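Subject: Structure handover

Hello,

Here is the structure I promised to pass on. Please load it first, then read the notes below.

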Amino acid sequence: MKIIDTNGFKCPQPLIMLKEGLQEMEKGENVTIYTDNESSLKNLVTYLRDQGVEPEVSSNEKVHAIVTRRPEANLIDTDPAAYCETGIVVNNYVVCIKSELMGEGDPELGKVLMETFMDNLKLQEQLPTHVVLYNSGVKLAMKQSSVCSSLSELEELGTRVMLCGSCIDHYGLQYDIGVGMISDMVVITETMAIAGHVIYP
Amino acid sequence: MNQKFDLLSTIEYGGCSSKLPAGLLSEVLKELPVAVDPNLLVDVDTHDDAGVYRINEETALIFTTDFFPPICSDPFEFGEIAAANALSDVYAMGGTPLLALNLMMFSQEKIPMHVFGEILKGGNEKVREASALIVGGHTIDDHPPKYGLAVVGTVHPDKLITNAGARPGDRLILTKSIGTGALVSGQKNGLSKPEHYRMALHQMKRLNLNAAQAAGKFGVKGMTDITGFGLAGHALKMADASQVSFRIHTGQVPLLPGSFDVFEKGSIPGATFRNLEFTGKEVHFTRSVGYNLKMLVHDAQTSGGLLMAVNPDHADQLVREINLTDPDSGAVIIGEVLPRSPRILYFE
């Protein structure tokens with residue numbers, strides 16, 4: 001059985017190695033591909049499915065092994081780098097908080113819902129790349145806010161918390177900010193435009 | 001023909017990697033009385049590149065010094081780099097170097113005397129290129145050797161550029177690539193390719209003269225040079241002095257070829273970790289910034305580039321101007337200035 005070890009390589013390198021490996025193999029021959037990278041795993045699996053074979057994935061803490069075989073049919077010629085793009089889109093989402101309350105209706109309820117949402121957000125396996133706060137949403141990033149600590153924890157985990165600067169000025173909150181990077185609408189629009197998807201809780 | 005002497009064989013840390021940790025330094029400095037004088041335009045308070053004193057309406061003196069142990073094997077090149085690095089503090093304040101003194105620590109018992117001469121010649125060459133004058137110096141018997149300059153420069157008080165002049169909305173321009181610390185340590189460990197190491201040496205020898213002149217022409221008010229505390233450390237000091245925050249696009253930061261590979265192979269100098277410790281909680285990295293890049297923005301630079309904050313309407317023009325006047329330059333926009341946020345630096 002052929003082994004293709006892509007540990008330590010980042011997209012599109014593992015896909016290029018897989019493509020080259022498959023080209024050298026006999027049709028139907030078995031192959032195991034190793035990767036230590038989540039996005040590469042997804043991209044490699046997508047690539048193999050597109051080639052008409054069903055890969056089997058087994059993982060330990062660090063390394064994923066994909067077991068499959070060389071397709072019987074001729075390989076479909078595709079650009080490995082194109083699969084990297086897909087990976088980014090799948091993995092990337094932005095949470096937009098447009099108000100200090102979650103949902104419309106009783107404000108008391110809206111406050112509790114927002115706290116519960118933030119508590120759960122930081123527990124997600126796939127964390128958002130950004131949390132964008134605007135309009136009265138910026139109040140959540142103030143030192144005295146009940147979700148400030150949840151937002152700080154998200155920031156510690158590498159999520160960028162972005163605050164609408166004009167909104168902070170509008171509500172006169174310049175001196176109370178507890179977490180987040182003050183941004184303008186140019187940056188906020190850009191962030192939302194390139195996001196894989198945007199969640200409005 | 002004199003025998004070749006490898007200066008790198010004398011030291012563990014060279015160049016600006018040998019700085020004391022910034023945090024420790026501020027602890028000690030805050031115990032000392034601060035000089036107060038209405039003519040003192042820049043004092044130690046803002047951790048700027050040099051002290052600046054107004055002597056009349058037209059002229060202020062810029063006064064600075066910098067010296068360090070060998071950063072490379074060749075004595076002449078070491079002299080050039082140490083001098084370019086010391087002169088840079090004057091350029092970072094928008095000034096013109098005028099006079100310089102050689103500062104040398106050298107053991108004649110351990111190193112052949114012709115090496116001494118070569119170092120001085122290298123330094124002299126750079127001071128000449130800067131159109132300044134060496135007017136003396138001082139030597140002490142010590143090993144490993146150290147060399148640098150004390151420099152006096154001048155600036156019109158209105159044209160002074162400090163590290164406290166960045167304003168929200170400004171774009172941030174970096175004029176040299178980072179990674180000299182990585183490539184020098186890689187050289188010692190046999191991990192830097194010779195051509196990459198040569199590029200690092202070439203860059204360290206370059207004066208910040210043209211970039212500084214262009215900055216003056218475009219009315220830049222906030223500027224600093226990137227040395228021992230790394231891009232992150234100096235950006236932090238500048239943003240803090242300016243009471244703003246910086247957002248830096250890590251992907252736009254120019255890296256010297258090969259520097260990433262050296263870090264990837266695990267050869268990361270101790271100064272990098274000291275700098276990381278210094279910036280600590282004041283810096284935020286998004287998840288997408290990988291470990292090696294995070295370390296590279298903390299890589300101690302020797303004779304690094306200028307980091308300048310410029311009005312967004314002039315940023316592209318200024319970059320073009322710098323790269324036109326200095327064909328070796330690779331100035332790029334790496335980020336922008338934000339209103340002061342809970343953290344001081346945000347790396348995307």
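Start with chain B. Its open sheet has seven strands, in the order β8-β11-β7-β12-β9-β13-β10, and the pairing is mixed. From one strand to the next, the twist averages 20 degrees. One pairing in chain B joins β7 (residues 171–174) to β11 (residues 306–310): it is antiparallel and runs over four bridges. There, B:L174 sits opposite B:L307 of β11(B). Keep in mind that this is a predicted model.

Chain A has an open sheet too. Five strands make it up, ordered β8-β7-β6-β5-β9, with parallel pairing. Its edges are β8 (181–183) and β9 (197–199) of chain A; each has a single partner strand, so one side of each has no neighbour in the sheet. Neighbouring strands here are turned by 30 degrees against each other on average, direction ignored. β7 (residues 160–164) of chain A pairs with β8(A) in the parallel sense, over three bridges. A:C164 faces A:S183 in β8(A).

Next, the domains. Chain B splits into domain 1 (7–159) and domain 2 (171–347). Taken over C-alpha atoms, the centres of these two domains of chain B are 20 Å apart.

Last, the cores. In soluble globular proteins, nonpolar side chains tend to be buried together. The largest nonpolar core in this model has 126 residues. The members that touch the most other members are A:L133, A:A141, A:L151, A:L163, B:A235 and B:L345. α2(B) supplies the largest share of this core, 10 residues. Take A:L151 as a case. Leaving out residues up to four places away in sequence, A:L151 touches A:M118, A:V131, A:L140, A:A141, A:V161, A:V179 and A:G180. Another core, of 14 residues, lies apart from the largest one; A:L22, A:I33, A:L41 and A:I66 are among its members.

Best wishes

Definitions and conventions. Residues are numbered from 1 along each chain as its sequence is written. Chains are lettered from A and ligands numbered from 1 in the order in which they are written. This is a predicted model: local features need pLDDT of at least 70, side-chain atom pairs count only at pLDDT 80 or more; totals for chains, interfaces and linings use all residues. Domain bounds come from an automatic or database domain assignment. A nonpolar core is a set of buried Ala, Val, Leu, Ile, Met, Phe, Trp, Tyr and Cys residues joined through C-beta atoms within 7 Å. A residue is buried if 20 or more other C-beta atoms lie within 10 Å of its own, exposed if 12 or fewer, and partly exposed in between; C-beta atoms are placed from the backbone. Helices (H or I, at least four residues) and strands (E, at least two) are DSSP runs, numbered from the N terminus. Two residues are in contact if their C-beta atoms, placed from the backbone, lie within 7 Å. Two strands pair if DSSP finds at least two bridges between them. Axes are lines fitted to C-alpha atoms, for helices over the stretch in contact, and angles run from 0 to 180 degrees between N-to-C directions.
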